[in-house]
Amino acid sequence: MSTVNAQNHLPGFADPVHDAQRVFRAVLEAMARPTLAQPILGLAPLQTPAPLGRVAGAVVLALCDEQTPVWLDKRLGRGSDVCAWIRFHTGARLVERPEDALFAVASSPSVAPPLADLAQGTDEEPHLSATLLIDAVGARPIGAFTATGPGVNGTAHWDGAGLPGGFLTQWEANRAGFPRGVDVILAGANEVRALPRTTKLTGHENRSA
């Protein structure tokens, strides 16, 4: 068996229907409770080809299908292993330009595309905006943020681990276009967090972020 074929057949969900539903519910809960971690456990025997993290891969399997144009950063897309695995398990179409994707995947915060480069949707069809998934395993805090808005119980304080540097400015511009705008999902080692476009972030970033 060739290397590519072997990567194709790395296991996906053990129980595709129920596992996908479980991950989907965790993402929905993360969207409903911005910045708060939602656990995703029991993913064995799911295996993802490097450098795609297991939780990030699970989110891709749960949210993408043959109707979803997906963009991968150069690190994920340079080799064919991740591309082949995603195609094999989801049937999703991979696109070369981030603006053509409804689902964009970054292997780390540092390679996440600018939010303005992603599909924003329209006032009439805001659902045509992109979702940005960032693999945040091992990511460091980038600042001190306070989140407010729908789903936040008063205020939520967060260190922004998993976000790219300069995110606060990007996010303010993203929110200004509401109902258009990008939603963000952060995939950790065993959990997901989310920032829907309705969430307001204030605070400051570390100078080194």
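How far apart are the mean positions of the positive and negative charges of the chain? The mean positions of the 17 positive and 20 negative charges are 5 Å apart, where Lys and Arg count as positive and Asp and Glu as negative, with His and the chain ends not counted, and where the place of a charge is taken as NZ of Lys, CZ of Arg, CG of Asp or CD of Glu. The model is a predicted one, in which local features need pLDDT of at least 70 and side-chain atom pairs count only at pLDDT 80 or more, while totals for chains, interfaces and linings use all residues. Residues are numbered from 1 along each chain as its sequence is written, and side-chain values use heavy atoms, with hydrogens and water left out.

The chain contains 6 helices and 10 strands, taken as DSSP runs (H or I of at least four residues for helices, E of at least two for strands) and numbered from the N terminus. A compact globule of 209 residues would have a radius of gyration near 17 Å, and the 16 Å of the chain agrees with this; the radius is taken over C-alpha atoms, and the globule rule is 2.2 Å times the number of residues to the power 0.38. Along its principal axes the C-alpha trace spans about 50 × 35 × 35 Å. Buried residues (under 20% relative accessible area, with exposed meaning over 50% and partly exposed in between, for a 1.4 Å probe and protein chains only) make up 48% of the 209 residues. Of the contacts (heavy atoms within 4.5 Å) with a separation of 6 or more, 71% are between residues 24 or more positions apart.

An open sheet of 7 strands has the order β1-β9-β8-β5-β4-β2-β3, with mixed pairing. Strands β1 and β3 (93-95) stand at the edges, each with a single partner strand, so one side of each is left without a neighbour in the sheet; two strands are taken to pair if DSSP finds at least two bridges between them. Strand β4 runs parallel to β2 (residues 69-72), to which it is joined by 3 bridges, with valine 70 opposite phenylalanine 103. Strand β4 also runs parallel to β5, here over 4 bridges, and the partner of alanine 106 in β5 is isoleucine 134. By contrast, β8 and β9 pair in the antiparallel sense over 4 bridges, and isoleucine 185 stands opposite alanine 194 in β9. Within β4, Phe103 and Val105 point one way and Ala104 and Ala106 the other way, and all are buried.

Helix α3 (residues 54-63) is largely enclosed by the rest of the structure, because 8 of its 10 residues are buried. The buried residues of α3 pack against α2 and α5 (81-90), and also against the strands β4 (103-106), β5 (131-135), β8 (183-187) and β9 (191-195).

Threonine 35, in the loop between α2 (16-32) and β1 (38-39), is buried with a relative accessible area of 2%. Apart from residues up to four places away in sequence, threonine 35 touches Ala147, Ala156, Trp158, Arg193, Ala194 and Leu195. Arginine 93, in strand β3, is exposed with a relative accessible area of 51%. With residues up to four places away again not counted, arginine 93 touches Thr68, Pro69 and Val70.
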